[in-house]
Amino acid sequence: MIDLLILLVLVVGIVLVTARWKISPFLALLGAALIGAFAFRLPLEEIIPTITTSFGNTMGNIGLVILFGTMIGVILERSGGAIAMADALIRVLGTRFPTLTMSIIGYIVSIPVFCDSGFVILNSLKKAMAERAKVSLVAMSIALMTGLYATHTMVPPTPGPLAAAANLEVTDSLGLLIGLGLAVAAFSAGAALLFANTFLKKDVELLPVPEEEVEVSYEELKANYGKLPSGFMAFLPILLPILLICLASIAKLPGEPFGEGWFAMTVNFLGTPVIALVLGLIAAVFLLRGKGKLESFNKNISDSIVIAAPILLITSAGAAFGGVLGKSSITDFLSENLASLGLGIAVPFIISAALKTAQGSSTVAMVTTSAMLLPLLEPLGLASGAGPVLAVLAIGAGAMVVSHANDSYFWVVSQFSRIPTATAYRTLTPATAIQGVAGFVAVWVLSLFLV
């Protein structure tokens, strides 16, 4: 019982120092690992090796994958690739169902691009479509926000799901995670879309455009990128690595559908996440146009390293915290008690949702929850079959519940959409709650068949 109290104090401490005092989550998680090691009475000679080994193993396993995934996202964002993808989807889907089109665009763009960056990029498109279709800007904002959010928390190579996959040691099953993640994210986004459509014809008062702000139309935004890449070239950096990773997962199935020869070996090699994302990065390079391509490439890579560094450090610090928990007696206590409760797949969702709501960051919620969960997979009945993969998706669903004032994404969406804060609490916040719960329901249904 004392160990449980220690764990609760550590988790509350992480929330307090990150949310209230704005301490870096990296330092908070690393500090929790060190304090927890002493509080759980680990032998002194094991404390530092436990922390450094867990930290280093995670950095080695997932570091390059997150880094290359971030590089692809940055190049897509800055080369006009994301806009080109949106244009291609509009040509296919049309504008007859504007919220559906907006949700699907967000759903696809956020696989490589961070959701907040994706919203900023697509904000002008959202406004143009709302004006053309004569529908509420609030409905369009909810559709775009939740479409982006769904894949952001559930589909690699977005860093959050990758970090959770690393902590739960399922990086070898990324193909299965991508496949199931796409399905669960689609169900989640669909539930939020139904909620968005309740505002389609509602007249919601928006904040006035600030005098100093110059409104940029979608056509002007496109013109700023110069000649846009083709839709095929824009999608290639995303689809190529996903296809290769999924093929490698198929090759590893018990029946060995590709045999044991050179073809199977090649598919397995190319489908290794690092190699697949390197090939995706090479495809992304062809999106860079005009003079100074080398300088542009170098700047994008440098900026990607800056963006990825905090994520890598937070993920590895979370793994260090998880390593300490794994060595402590708290795992035995939780194993005995959680198993008797029969909560199963609900546990990762509840923990992640509580952390997300309390401190605001989806990434921190996913990293912390997955770090705590690894030693508990067995007693929760999630250690076999697709259990660990479904645990990652349950964590991702919880990491959407709920977005409010302590979440930077909440402010990006509300401010760029000119939605008053009180209105945002009645629209954006419930939308993330609905899609998070819907995502968990989808995961729970899958667990009935796959665990």
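**Notebook: backbone exceptions and two helix residues**

I began with Arg418, which is found in the loop between H19 and helix H20 (421-450). The model I am reading is a predicted one. I looked up the backbone angle of Arg418 and noted a positive phi of about 60 degrees, although this residue is not a glycine. As background, I recorded that most residues other than glycine have a negative phi, and that most peptide bonds are trans.

I then turned to Lys22. Its phi is also positive, about 60 degrees, and Lys22 is not a glycine. I placed Lys22 in the loop between helix H1 (2-20) and helix H2 (25-39). Is Lys22 buried or exposed? I found a relative accessibility of 66%. Lys22 therefore counts as exposed, because its value is over the 50% cut-off.

Which residues does the cis bond with omega of about 15 degrees join? I noted that it joins Pro156 and Pro157. Pro157 lies in the loop between helix H7 (137-152) and helix H8 (159-167).

I located Val402 in the loop between helix H18 (387-398) and helix H19 (408-416).

I moved on to residues within helices. Phe38 lies in helix H2. I read its relative accessibility as 49%, so Phe38 counts as partly exposed. Which residues does Phe38 touch, if residues up to four places away in sequence are not counted? I listed Leu44 and Ile47. I also checked Phe38 against Val324, which is 286 residues apart from it along the chain. The C-alpha atoms of this pair are separated by 9.6 Å.

My last entry concerns Ser54, in helix H3 (residues 44-79). I found 15% relative accessibility for Ser54. This residue therefore counts as buried, because the value is under the 20% cut-off. I looked up the surroundings of its side chain: a polar atom there lies 2.9 Å from the backbone oxygen of Thr50. With neighbours within four places in sequence left aside, I recorded Ala319, Ala320 and Gly323 as the residues in contact with Ser54.

For review, I set the accessibility entries side by side. Lys22 is exposed, Phe38 is partly exposed, and Ser54 is buried.

Conventions. Residues are numbered from 1 along each chain as its sequence is written. This is a predicted model: local features need pLDDT of at least 70, side-chain atom pairs count only at pLDDT 80 or more; totals for chains, interfaces and linings use all residues. Side-chain values use heavy atoms; hydrogens and water are left out. Helices (H or I, at least four residues) and strands (E, at least two) are DSSP runs, numbered from the N terminus. Buried means under 20% relative accessible area, exposed over 50%, partly exposed in between (1.4 Å probe, protein chains only). Contact means heavy atoms within 4.5 Å. A polar contact is a pair of N or O atoms within 3.5 Å; within protein, one must be able to donate a hydrogen and the other to accept it, and residues adjacent in sequence count only if both atoms are side-chain atoms.
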